[in-house]
Amino acid sequence: MGSMTSSSEDGSTSALARAWFFLRGPRFVDLPIRLLALIMALTVLVPGSFEIDDPRYMVLLVIAYALFIPASFLPFATAIASTGMSLVFVVLYPDLENMFPEVLIFATAVLLSHRRWISSLVATLGLVSYLVVSTELGAYDGGADGTIDLGFGWLTYSLIGMAAGLVELRIQREIIRRERAAVGHQKAVEAMRARFTRDMHDTISHSLATEAAIIRTLARETGSPDTGRHLAELALVNAEATRRLRQLVTSLSSEAAHDSPIRLQTEARQLAAAIDSGCSAGSVLLSTHVGDLPEYSSFSLGQNFRAIVLELATNIIRYSTPETPASLDVEMRHGAAGRAELVFRSENQASAELMQTPRSLRCRAEAVGGTCRVISAEGRRVIVEVVVPVQHTASSGLVEEARSETTTASAKAVLHRATTAADGSKNRGEHVEGSASMRTASQPEKVQT
């Protein structure tokens, strides 16, 4: 029933739009012309419009005034009709003022605004024939006085009609010129985008590949734990920069890249592979576990997922006790009120107890309505847990749960990603001083859809 009501409302709206388009006309000058025709038709209501009380005369005069309105829609047909009616009127009432020639003059001006030169010439010949008949009958509009009066009206209305036609022509030419300029500009932007994408990919990707090769070479030649951790962090940064380069190239190639869903399952595997590669380069012990995740997610959730995982892994590499195992787990779980939650959990051994939550992680979690907390365990092991709520839309699977993740805080998430980068070095002591060295001991589990 609701859809039927909606369809009816849409139909009525469409009918009103069509009616309004018909009334205002396709041209810019049509609406003023039609408003003028309406005003002239309504002058029949002015006192003194009827010279005599003859019913036939009054009917003819009302018809004459009414013809102003169709003259703005069908000017040539109205011109022909008003020519015939003017001859009928002058025969019946030669001594009274005839309004049909006024309609004929108005229709001629409308034809000139459309630049219909032949039709306007035919309408003018109709006015001339009326003047000839009026002169022969000695009617009100006959002779030199009637010719001058109607001739002046014809000249005035014709100039206005031609001016309206020229204005419309100029407007249409300007529209065409701007459309062509917009198309040319769009082509230039697309060519520049393609050239920039190609150059950026050729230069930056080559530099990142060379950097990755140098990291692997240094990892084989060094034996210092601190150097190994630095190499692991550098390898992770290199992998993230490479991934961001691919994402930027994709976004430059497609305008809808920021609106398309993220393949969260694939993203988790790529992140796990990047962490594994970085930790292997620095001989860092890290065990990662990826639980059952949605196959797709919104762009906002995908961005925050990537940033939180990388920050947890980076903090573990930086501040964990050397040569001690650590773990990083990502999973979905059902929270309060049936809402799904995306849980990030890192566990490592630290040289000192972590007294407060990492500031950047806390800000990032709060930006999307989540929480971040630090849990102390036995043996100086520190657990950092980040929980991000996801809107629950269906109980049949986790895919639909993540697809419905709230997007109201996406702008805040972008802002906090920027502030996180700025606070990385300044607040290094506030970050996870107890996050651990890790090595990816296992590949992420295959995500069920």
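Are F305 and F344 buried or exposed? Both F305 and F344 are buried, where buried stands for under 20% relative accessible area, exposed for over 50% and partly exposed for values in between, with a 1.4 Å probe and protein chains only. The model is predicted, so that local features need pLDDT of at least 70 and side-chain atom pairs count only at pLDDT 80 or more, whereas totals for chains, interfaces and linings use all residues. Residues are numbered from 1 along each chain as its sequence is written, and side-chain values use heavy atoms, with hydrogens and water left out.

The structure holds nine aromatic pairs, a pair being two rings of Phe, Tyr or Trp (its six-membered ring) with centres within 6.5 Å, called stacked if the planes are under 30 degrees apart, edge-to-face if over 60 and tilted otherwise. One of them joins Y65 and F68, whose ring centres lie 6.5 Å apart with planes at 45°, so this pair is tilted. Y65 counts as buried at 9% relative accessibility, and F68 is likewise buried, with a relative accessible area of 0%.

F305 and F344 also form a tilted aromatic pair, with 5.5 Å from centre to centre and 50° between the planes. Because F305 belongs to helix α11 (residues 299-319) and F344 to strand β3 (residues 340-349), this pair ties together parts that are 39 residues apart in sequence; helices (H or I, at least four residues) and strands (E, at least two) are DSSP runs, numbered from the N terminus. Elsewhere, ring pairs link Y57, F89, Y93 and F100 into a cluster.

In the loop between α2 (30-42) and α3 (55-66) lies E51, which is partly exposed, with a relative accessible area of 43%.
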